Amino acid sequence: MRRSNQQTIRLIQGLVRLVRSGRLPVRWLVGLVVLAAAYLLMQPLLVRSLGIDLPGLGDLTGIVSETPATEQQPTEQPKQKKSPAADEINQILRDGSQQTYESPAGLLYRRGSQHGHRLKHLMAHAKDQPDRPGQHGVFDSEQPEEIVAVVDEAYRQAQTGKKVQVEREGERTVYTVDLNRRVGFIGGESGNRRNRPAARHIRLVVEDRNFITAFPYRP
Amino acid sequence: MSAKQTMYYVGFCRVCKTGPLGLRRCGQCENVVLLCDECDATWSNADLAAPPQYAKDGELPCPKCKASLVESPSHWATAEQLQEIDWLQEAINGGLLELKQGIAFTPDAADESSPP
Ligand SMILES: [Zn+2]
Ligand SMILES: [Zn+2]
């Protein structure tokens, strides 16, 4: 109430200044004051009886701008949805399913290898094996979906022919793809002797679209 | 999880450039081959320049008898078993291959069903 009185006083002062400067005729001022007084009297009654929200005089003059900034439409966040691919991957890794998994880039992970399934074999590169002879490429991520994604990235890049070295050995194709960023490190006996050097290449072995193996690599 | 297994190997695979070439013994015919521990490329003898054989449809058959080289009772050959392999001993004596002992990468089905 006190604040709206102040607003009213300031409004009247502003109007008086306008009259003094000659920009507003006196009778207009009288008319405005009458109207304003009527509005001030009526406003609470109208609000109560009609149940509508009417602005005070201060609001009308913009002396106090309390109007909240229009709420920003929340930008559409990519939802952390659990993809069907994650379920498929889990069935193979956790439940020992022998089904073929097709990655988004079209690589086929089939049963086979001494791990029983190529996807399980891939996941053997999620962890170091310090006593494995020679080099053992280890991905920085331990998440199956992320590892499958980085292998997909290497596969897609290999198909563009960009920063890739291609070798063929019978029905196999071996890509050494430079992903231009760290993707893992070299572990195993030899990597650990050299303080686990970082790897930004992926060596990917395929037969047609069939995934055989992939791991971080230093050419 | 199976325990760590000893694996005798002779250098590394030229296909994947990472897997040790382990000496794998067929559980059925006792034939011994060189098997890449990483990509499953297989050589029947010390001629590593020859084209390797690859697993087919998830199976890795013994080149001699077609029994699975992955499944039990196939296993990584022991030092004693390797003494009987003529082509291997010749290659070692001729300086073509060097025999080393290491730890196998992969779980071995043979060892899960109790070693002999
Ligand atoms: Zn055999
Ligand atoms: Zn290999």
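**View 1. Tyr109(A) and Phe211(A), a buried pair of rings.** Tyr109(A) is buried, as is Phe211(A). Buried means under 20% relative accessible area, exposed over 50%, and partly exposed in between, with a 1.4 Å probe and protein chains only. The model is predicted: local features need pLDDT of at least 70, side-chain atom pairs need pLDDT 80 or more, and totals for chains, interfaces and linings use all residues. Residues count from 1 along each chain as its sequence is written, chains are lettered from A and ligands numbered from 1 in the order written, and side-chain values use heavy atoms, without hydrogens or water. Ring pairs link Tyr101(A), Tyr109(A) and Phe211(A) into a cluster. Rings of Phe, Tyr and Trp (its six-membered ring) pair if their centres lie within 6.5 Å; planes under 30 degrees apart count as stacked, over 60 as edge-to-face, the rest as tilted. The count over all chains is 4 aromatic pairs. Tyr109(A) and Phe211(A) are stacked, 4.3 Å centre to centre with 25° between the planes. This pair links distant parts of the chain: Tyr109(A) sits in strand β2 (residues 108–109) of chain A and Phe211(A) in strand β9 (residues 210–217) of chain A, 102 residues apart. Strands (E, at least two residues) and helices (H or I, at least four) are DSSP runs, numbered from the N terminus.

**View 2. The rings of Tyr9(B) and Phe12(B).** Their centres are 5.8 Å apart and their planes at 55°, so the pair is tilted. Tyr9(B) counts as buried, at 6% relative accessibility. Phe12(B), at 35%, counts as partly exposed.

**View 3. The zinc ion (ligand 2) and its cysteines.** The SG atoms of Cys13(B), Cys16(B), Cys36(B) and Cys39(B) coordinate the zinc ion (ligand 2) at 2.2 to 2.4 Å. Donors are N, O and S atoms within 2.8 Å of the metal (3.2 Å for Na, K and Ca); water is not among the atoms, so sites may look incomplete. The site is tetrahedral, with angles of 103 to 116° among its 4 donor atoms. For four donors, tetrahedral requires all angles to lie between 85 and 135 degrees. Along the chain, the donors follow the spacing C-x2-C-x19-C-x2-C. Cys16(B) lies in the loop between β1 (6–12) and β2 (20–25) of chain B, and Cys39(B) in the loop between β3 (32–36) and β4 (42–43) of chain B, so the pair ties together parts 23 residues apart in sequence. Both Cys16(B) and Cys39(B) are buried.

**View 4. Thr42(B) in strand β4 of chain B.** At 4% relative accessibility, Thr42(B) counts as buried. A polar atom of its side chain lies 3.2 Å from the backbone oxygen of Asp40(B). Beyond neighbours within four places in sequence, Thr42(B) is in contact with residues including Val33(B), Leu35(B), Pro52(B) and Leu69(B). Contact means heavy atoms within 4.5 Å.

**View 5. Arg168(A) in strand β4 (residues 164–169) of chain A.** Arg168(A) counts as exposed, at 61% relative accessibility. A 3.2 Å polar contact joins the side chains of Arg168(A) and Thr173(A). A polar contact is a pair of N or O atoms within 3.5 Å; within protein, one must be able to donate a hydrogen and the other to accept it, and residues adjacent in sequence count only if both atoms are side-chain atoms. Arg168(A) and Val206(A) are 38 residues apart in sequence and 9.8 Å apart in space, C-alpha to C-alpha.

**View 6. Helix α6 (residues 144–160) of chain A.** Its 17 residues should span 24 Å at 1.5 Å a residue; the end C-alpha atoms are 25 Å apart, which agrees. The expected span is 1.5 Å times one less than the number of residues. Buried residues of α6(A) include Ile147(A), Val151(A), Ala154(A) and Ala158(A). Gly161(A) follows α6(A), with a positive phi near 80°.

How values were computed: Tetrahedral: all angles 85-135°; square planar, octahedral: opposite > 155°, others 65-115°.
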